[in-house]
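Reader: Hi, I have a structure open and want to get my bearings. Can we go through it together?

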Amino acid sequence: MKQIVVSGIRSTGRLHLGNYLGALRNFVQMQREYNCFFFIADLHSLTTHPTAADLHGSVRAVMAEYLAAGLDPKQCTLYVQSDVPETTELYLLLNMNAYLGELQRCTSFKDKIRKQPNNINAGLLTYPTLMAADILIHRANLVPVGKDQEQHLEMTRTFGLRFNRMYGTELFPEPQAYNPQSPLVKIPGLDGTGKMGKSEGNALYLSDSPEDIRKKVMRAVSDNTPKAPNEPKSEPVQNLFALLRAVSSSDTVEFFEDQYQACTIRYGDMKKQLAEDIIALTTPLREKIEMYLADDRLLSDVAAMGAEAARKSAKETLRLAKEAMGIRKL
Ligand code: TRP
C-alpha cells in the first residue's frame, strides 16, 4: 500500500515563487510515488473575511496554478476543501476534544490576534482543528509543509492520538512532516529580510509579467560591494544569492560568488541575470495559468473529479470515527 500524503494551500491570492519552489514543485514530485491528496483550503481563508468574489476568484486561480505547476488530476486527488463536507463534520467531532487552553497557546493564533484584534473569531481559534480534520480525514502518513506549520502538525497528532485513546481505536495514524528536498530550500523575499510571503509585500508571483519581475528584482534590497576578500555576506546579499541558487544554473551562481570574493561584484548585473532566470522559469508557468484560467469547463471538471475521489476516502474515515464515538443509526 502506498503511503498517504495530504497537503493544502490557503486560497488567499495568487501563488508566489516561494510557494512554487518550496511546496508545489515537491507536490509534483510526490504525486508519482504516493497516494496524494492536494487541496485548496478555502474554508481556512474565511477566517480573514474575504469578499465572496475574492474567495471564489482565489480558488479558481489556485486551481489553475496547481495544474500549471504540473499537478495531474490523473495522478493525484486535487480538490477544493469545501467540496468535501466530511472534513467539516470531522472538524466538529474533533472540536469536542480540543481544549481552549491548547488552542489559545498556538503560535499562529497568537500572531493572528495581534494582527487582527477586531476579528478574533472562533474559526481562527479552531484553525488547527480544521487543519487536523483535513489531514486525519484521509488518515495521512505524510504532510509536506514548511517549518511554520510544524506546530499545527503536532496538534494534529495530539488530536488524532487523543481520539484513538478516548474511543479505544487505532483509526488515526500519526502524520509526519515530510520534505523531499534536503536541505530545505528557503525562498527569501526581495526586501532584504525574511522569507517570501503574500502578506509581506515582498513576493514575486507566478503570474507576474516579465516587466513586473524585472522591476521588482531591480528594486530588491542589496548592499555595498564588499571591501575585503571573504567578507561575510549581509542578509540582503545572502538573500539575493539564495534566490540565484534557487533559479539559476550552478555556473551562474559560481560566477557571481567569484566576483563577490574578488570584491568586483556589481549587484545591478547580478539582479539583471536573476530577473532573466526567474522569467525563464515562470514564463511557461504563467502561460499555462492563463490557459487554464480561460477554461472554466476544465476547472470545474477537475474539481468535480477531485471532490468525488476525496469524498470516497473521507466517507470511510468519517463512518469509522462516528462508529467509534457511538454515533449510530437507531
Ligand atoms: N495551514 C496551512 C498553511 O497556512 C494550510 C493548510 C490547511 C494545510 N490545511 C492543511 C496544510 C492540511 C497541510 C495539510 O500553509
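Predicted model: local features only at pLDDT ≥ 70, side-chain atom pairs only at ≥ 80, totals over all residues.

Reader: OK. And how far is a polar side-chain atom of Asp 134 from a nitrogen atom of the ligand?

Author: That distance is 2.7 Å. Gln 149 has a side-chain N or O atom 2.9 Å from a ligand nitrogen.

Reader: How much of the ligand does the protein bury?

Author: The protein buries 92% of the 370 Å² that the ligand exposes when taken alone.

Reader: How many residues surround the ligand?

Author: There are 13. Arg 10 and Met 131 are among the closest.

Reader: What kinds of residues make up the shell around the ligand?

Author: Seven are nonpolar, four are polar and two are charged.

Reader: Which element gives the most to that shell?

Author: Helix α8 does, with four residues. β1 (4-10) and β2 (35-41) each supply at least two.

Reader: New topic. Where does Arg 157 lie?

Author: Arg 157 lies in helix α9, which covers residues 150-167.

Reader: Is Arg 157 buried or exposed?

Author: Buried. Its relative accessibility is 15%, and the cut-off for buried is under 20%, so Arg 157 counts as buried.

Reader: What does the side chain of Arg 157 reach?

Author: It reaches the backbone oxygen of Pro 175, at 2.8 Å.

Reader: And which residues does Arg 157 touch, leaving out those up to four places away in sequence?

Author: Glu 174, Pro 175, Gln 176 and Ala 177.

Note on methods. Residues numbered from 1 in each chain as written. Heavy atoms only, no water. Near = heavy atom within 4 Å. Polar contact = N/O pair within 3.5 Å; in protein donor to acceptor, adjacent residues only side chain to side chain. Areas by Shrake-Rupley, 256 points an atom, 1.4 Å probe, with all protein chains shown as cover. Nonpolar A, V, L, I, M, F, W, Y, C, P; charged D, E, K, R; others polar. Buried < 20%, exposed > 50% of the residue type's maximum accessible area, 1.4 Å probe, protein only. Contact = heavy atoms within 4.5 Å.
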